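Here is a short briefing to read alongside the sequence and the fold.

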Amino acid sequence: MSFRFAALAVAGLALASCQSGSKGTSQPAGKSAALRTMEQVAAAAHKCWIASKDPAFRPYQMANELNNFGGTPRFLLVPARHYGGKPLLVVQATGNSSRVDVFGPLMGEALGARISADITRWQGGNSSCAAAA
């Protein structure tokens, strides 16, 4: 009888440990601020630049590296016809920071100002594709 009681107690503790934790948080456990921010920015970039077939971004495709082993979640824009080519844009965040760094040859072109404005808006939580007037 004591074996049954011990087994029930262990099962109850295991179940309780699975359900413990803060219930009011919306942040996934184990994700750094950098990863959470980059997931938000990458989703908006894909929606607004790639999936929408925006003519300005048609020559490029997106390469997500959000879960890389280096701890630097990022995505790249590469030439659409040469996926393994040199990245033309790198958008990344590092460590436990939600600051996003953007660099690459596209930032020196006319499209750079738009990229910068879009990334800043998305990093701030606004996932719209166009800047507010």
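**Fold at a glance**

Reading from the N terminus, the elements of the chain follow the order α-α-β-β-β-β-α. That comes to three helices and four strands, where helices (H or I, at least four residues) and strands (E, at least two) are DSSP runs numbered from the N terminus. This is a predicted model, in which local features need pLDDT of at least 70 and side-chain atom pairs count only at pLDDT 80 or more, while totals for chains, interfaces and linings use all residues. Residues are numbered from 1 along each chain as its sequence is written, and side-chain values use heavy atoms, with hydrogens and water left out.

**Whole chain**

- Of the chain's 133 residues, 29% count as buried (buried means under 20% relative accessible area, exposed over 50%, partly exposed in between, with a 1.4 Å probe and protein chains only).
- Among contacts in the chain (heavy atoms within 4.5 Å) with a separation of 6 or more, 42% join residues 24 or more positions apart.

**Helix packing**

- Helix H2 (residues 33-51) packs with helix H3 (residues 111-123) at an angle of about 130°, and their axes are 9 Å apart (axes are lines fitted to C-alpha atoms, for helices over the stretch in contact, and angles run from 0 to 180 degrees between N-to-C directions).
- That makes H2 oblique to H3; angles under 35 degrees count as roughly parallel, over 145 as roughly antiparallel, 65 to 115 as roughly perpendicular and the rest as oblique.
- H2 contributes Thr-37, Gln-40, Val-41, Ala-44, Ala-45, Cys-48 and Trp-49 to the contact, and H3 contributes Arg-114, Ile-115, Asp-118, Ile-119, Trp-122 and Gln-123.

**Nonpolar core**

- The largest nonpolar core has 24 residues, of which Trp-49, Phe-75, Leu-77, Val-91, Ile-115, Ile-119 and Trp-122 touch the most other members; such a core is a set of buried Ala, Val, Leu, Ile, Met, Phe, Trp, Tyr and Cys residues joined through side-chain atoms within 4.5 Å.
- At least two residues of this core come from each of H2, strand E1 (60-65), strand E2 (74-79), strand E3 (89-93) and H3.
- H2 gives the most to this core, with nine residues.
- Leaving aside residues up to four places away in sequence, Ile-119 touches Val-41, Trp-49, Phe-75, Val-91, Val-100 and Val-102.

**A look at Phe-103**

- Phe-103 sits in strand E4 (residues 100-103) and is partly exposed, with a relative accessible area of 40%.
- Its C-alpha lies 5.8 Å from that of Leu-89, and Phe-103 and Leu-89 are 14 residues apart in sequence.
- Not counting residues up to four places away in sequence, Phe-103 touches Leu-89, Val-90 and Gln-92.
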